[in-house]
Structure formats: structure tokens, C-alpha cells
Amino acid sequence: MASKCPKCDKTVYFAEKVTSLGKDWHRPCLRCERCSKTLTAGSHAEHDGQPYCHKPCYAVLFGPKGVNTGGVGSYIYEKEPGAVTEP
Ligand SMILES: [Zn+2]
Ligand SMILES: [Zn+2]
């Protein structure tokens, strides 16, 4: 019995099948929802049934806040008390 690809909703035949997240996908359909990178079954992240690569996409989209999201210069400069120059 052939299953349907959750991505394109077409039948997945054995030769082109990869199984991940408990579903059968076409090999090229198992891609990160954010960056469209092709993923390896069983070694990618998942959110709401959609596949994502662990890094950077899942971490950027759903990772804990405050983690370095890849941007350089995200340091927080604390203002000295009494040294506030803004109005
Ligand atoms: Zn597909
Ligand atoms: Zn990605």
C-alpha cells in the first residue's frame, strides 16, 4: 500500500521513499520549510509536522530566546546608571 507524501500530497513509491516524522516522503520533498535544504531522514528537527534543519533554522525559529541567532554584534550594552544620554 503506497502512502502519500505530506508535502506534495502525491503517492510515494518505495523507490523514492524516505520515512521521517512517522510519514513517508519523497526524497526531494523532505526539505527544511525555511531554507529548503534537503534533509536526512531521522536527523532533522520538526515543528508542527513540518521538517526543519536543526541549525540554523529550527534554532532561529523555535529555539530559546536570547540564544545567539547567528547575528554578529548582538551584544547588549548595559547603560551605566546616570549615564543615560537619550531623552
Ligand atoms: Zn512529495
Ligand atoms: Zn533550514
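Modeller: What follows is a walk around the metal sites and what surrounds them.

Some ground rules: this is a predicted model, where local features need pLDDT of at least 70 and side-chain atom pairs count only at pLDDT 80 or more, while totals for chains, interfaces and linings use all residues; side-chain values use heavy atoms, without hydrogens or water. Residues are numbered from 1 along each chain as its sequence is written, with chains lettered from A and ligands numbered from 1 in the order in which they are written.

Let's start with the zinc ion (ligand 1). Cys5 (SG), Cys8 (SG), His26 (ND1) and Cys29 (SG) are its protein donors, at 2.0 to 2.3 Å. A donor here is an N, O or S atom within 2.8 Å of the metal, or 3.2 Å for Na, K and Ca; water isn't among the atoms, so sites may look incomplete. The angles among the four donor atoms run from 97 to 117°, which makes the site tetrahedral (four donors with all angles between 85 and 135 degrees). For reference, the ideal angle for four tetrahedral donors is 109.5 degrees. Along the chain, the donor residues follow the spacing C-x2-C-x17-H-x2-C.

Cys8 sits in the loop between β1 and β2; strands are DSSP E runs of at least two residues, helices H or I runs of at least four, and each kind is numbered from the N terminus. Cys8 is partly exposed, at 31% relative accessible area, whereas His26 and Cys29 are both buried. The scale is relative accessible area with a 1.4 Å probe on protein chains only: under 20% is buried, over 50% exposed, and partly exposed is in between. Cys8 and His26 are 18 residues apart along the chain, and their C-alpha atoms are separated by 8.6 Å.

Strand β3 (residues 17–20) runs antiparallel to β4, with four bridges between them; strands pair if DSSP finds at least two bridges. Across from His26 in β4 stands Lys17. Two residues separate the strands of this hairpin, and Leu21 there adopts a positive phi near 55°.

Lys7 brings in a charge pair: with Glu33 it forms a salt bridge, 2.6 Å between the closest N and O atoms. The rule is a side-chain nitrogen of Lys or Arg within 4 Å of a carboxyl oxygen of Asp or Glu, and it gives a count of one. Because Glu33 lies in the loop between β4 and β5, and Lys7 in the loop between β1 (3–4) and β2 (11–12), the pair links parts 26 residues apart in sequence. Glu33 is partly exposed at 31%, and Lys7 is partly exposed at 37%.

As for burial, Cys32 is buried at 2% relative accessibility and Cys53 is buried at 4%, while Cys35 is partly exposed at 38%.

Finally, the aromatics. The structure has two aromatic pairs, meaning Phe, Tyr or Trp rings (for Trp, the six-membered one) with centres within 6.5 Å; planes under 30 degrees apart are stacked, over 60 edge-to-face, the rest tilted. Tyr52 and Phe62 are edge-to-face, 5.2 Å centre to centre with 75° between the planes. Tyr52 is in strand β6 and Phe62 in helix α1, so the contact bridges parts ten residues apart in sequence. Tyr52 is buried at 10%; Phe62 is partly exposed at 30%. The rings of Tyr58 and Phe62 have centres 5.2 Å apart and planes at 55°, so that pair is tilted. Tyr58 and Phe62 are four residues apart in helix α1, about one helical turn, and Tyr58 is partly exposed at 27%. Together, Tyr52, Tyr58 and Phe62 make one aromatic cluster.

Methods
Four donors count as tetrahedral if all angles lie between 85 and 135 degrees; four count as square planar and six as octahedral if opposite donors are over 155 degrees apart and all others between 65 and 115; anything else is irregular.
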